[in-house]
Amino acid sequence: MAANAQPIGVIAKLLDLTERRVQQLSREGVIPKAERGQYDLVGAVRGYVAYLRDLAVKAQAGAPDFGAERARLIKAKADLAEMEASGRRGELLPAEAVDAAWTAILARLRARLLVLPDRLAPLCFEETTIAGVRDEIRTAIREALEELAATPVVAADTPGSGAAGDGGADGARDPAAAAGPLDQ
């Protein structure tokens, strides 16, 4: 018999377990068994400590912290309420309205850019210097950008309300109509 072999009752009291649980841990290989009814004291303590460490690591890695999850839920509800209040105050716009406004802006930009070659070709043909051609192109681009900057963008969710992209008097209903067949 080993010098530090102890009966199951001593091991159970030392580890604050029942004798049955000590036997279960012994079958699982956590606590080494010295002889029938006897267990190695140092091996039992080391095995049980290692077992508890493994459980702690697994618990931290996979188990949710309910306090943290509850705090996260409360924050999400508060954020949602704040977004709803901001929407009611008119500080937020629906994503569809923003998308429609940007689509209209980009369609208008595309139409303006596709017209530039037809508009500038005769002017540039008459120019005799590269600097003159560059100035004509630069002036035309600035005019197009200034026109786009001056265009009011209104996000609205009702068609025909003057919103960007509604095909009103300021913009073409079909931006592709300003482009030639090769510009597609």
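Follow the chain along its sequence and the pattern is β-α-α-β-β-α-α-α-α. Keep in mind that this is a predicted model.

The accessible surface comes to about 13400 Å², and carbon and sulfur atoms account for 58% of it. Of the 184 residues in the chain, 20% are buried. As for contacts with a separation of 6 or more, 54% of them join residues 24 or more positions apart.

**Stop one: the core**

Now select Ile8, Ile11, Ala12, Leu15, Leu17, Val22, Leu25, Val30, Ile31, Tyr39, Ala44 and Tyr48, and show their side chains. These 12 residues form the largest nonpolar core. Helix H1 (8–15), H2 and helix H3 (41–62) are the elements that give it two or more residues. Which of the elements gives the most to this core? That's H1, with 4 residues. As a bit of background, nonpolar side chains in soluble globular proteins tend to be buried together.

Leaving out residues up to four places away in sequence, Ile11 touches Gln6, Val22, Tyr39, Leu41 and Ala44.

**Stop two: H1 against H2**

Hide everything but H1 and H2. Their axes are 9 Å apart, and the two helices pack at an angle of about 95°. That angle makes H1 roughly perpendicular to H2, because values from 65 to 115 degrees count that way. To see where they meet, select Ile8, Gly9, Ile11 and Ala12 on the H1 side, then Glu19, Val22 and Gln23 on the H2 side.

Next, bring back the loop between H1 and H2 and pick out aspartate 16, which sits there. Is Asp16 buried or exposed? With a relative accessible area of 71%, Asp16 is exposed, since the cut-off for that is over 50%. Check its backbone too: phi is near 60°, a positive value in a residue other than glycine.

Now slide along to serine 26, in helix H2 (residues 19–27). Ser26 has 17% relative accessibility, so it counts as buried, the limit being under 20%. Which residues does Ser26 contact beyond its neighbours within four places in sequence? Select Ile31, Lys33 and Tyr39 to see them.

**Stop three: H5 and H6**

Bring the whole chain back and select helix H5 (residues 95–126) together with helix H6 (residues 130–150). Their axes come within 10 Å and cross at roughly 155°. Because angles over 145 degrees count as roughly antiparallel, that is the label for H5 and H6. The crossing of H5 past H6 is right-handed.

For the contact itself, show side chains on both helices. On H5, pick Arg108, Leu109, Arg112, Leu116, Arg119, Leu120, Leu123 and Cys124. Their partners on H6 are Val133, Glu136, Ile137, Ala140, Ile141, Glu143, Ala144, Glu147 and Leu148.

**Last stop: past H6**

Move on to the segment after H6 and click valine 154. At 39% relative accessibility, Val154 counts as partly exposed. Then select alanine 101 as well and draw a distance between the two C-alpha atoms. How far apart are valine 154 and alanine 101 in sequence, and how far apart in space? They are separated by 53 residues in sequence, while their C-alpha atoms are 7.1 Å apart.

How values were computed: Residues are numbered from 1 along each chain as its sequence is written. This is a predicted model: local features need pLDDT of at least 70, side-chain atom pairs count only at pLDDT 80 or more; totals for chains, interfaces and linings use all residues. Side-chain values use heavy atoms; hydrogens and water are left out. Buried means under 20% relative accessible area, exposed over 50%, partly exposed in between (1.4 Å probe, protein chains only). Contact means heavy atoms within 4.5 Å. Accessible areas come from the Shrake-Rupley method with a 1.4 Å probe; for residues, only the protein chains shown count as cover. A nonpolar core is a set of buried Ala, Val, Leu, Ile, Met, Phe, Trp, Tyr and Cys residues joined through side-chain atoms within 4.5 Å. Axes are lines fitted to C-alpha atoms, for helices over the stretch in contact, and angles run from 0 to 180 degrees between N-to-C directions. Angles under 35 degrees count as roughly parallel, over 145 as roughly antiparallel, 65 to 115 as roughly perpendicular and the rest as oblique. A crossing is left-handed if the near helix is turned anticlockwise from the far one by less than a right angle, and right-handed if clockwise.
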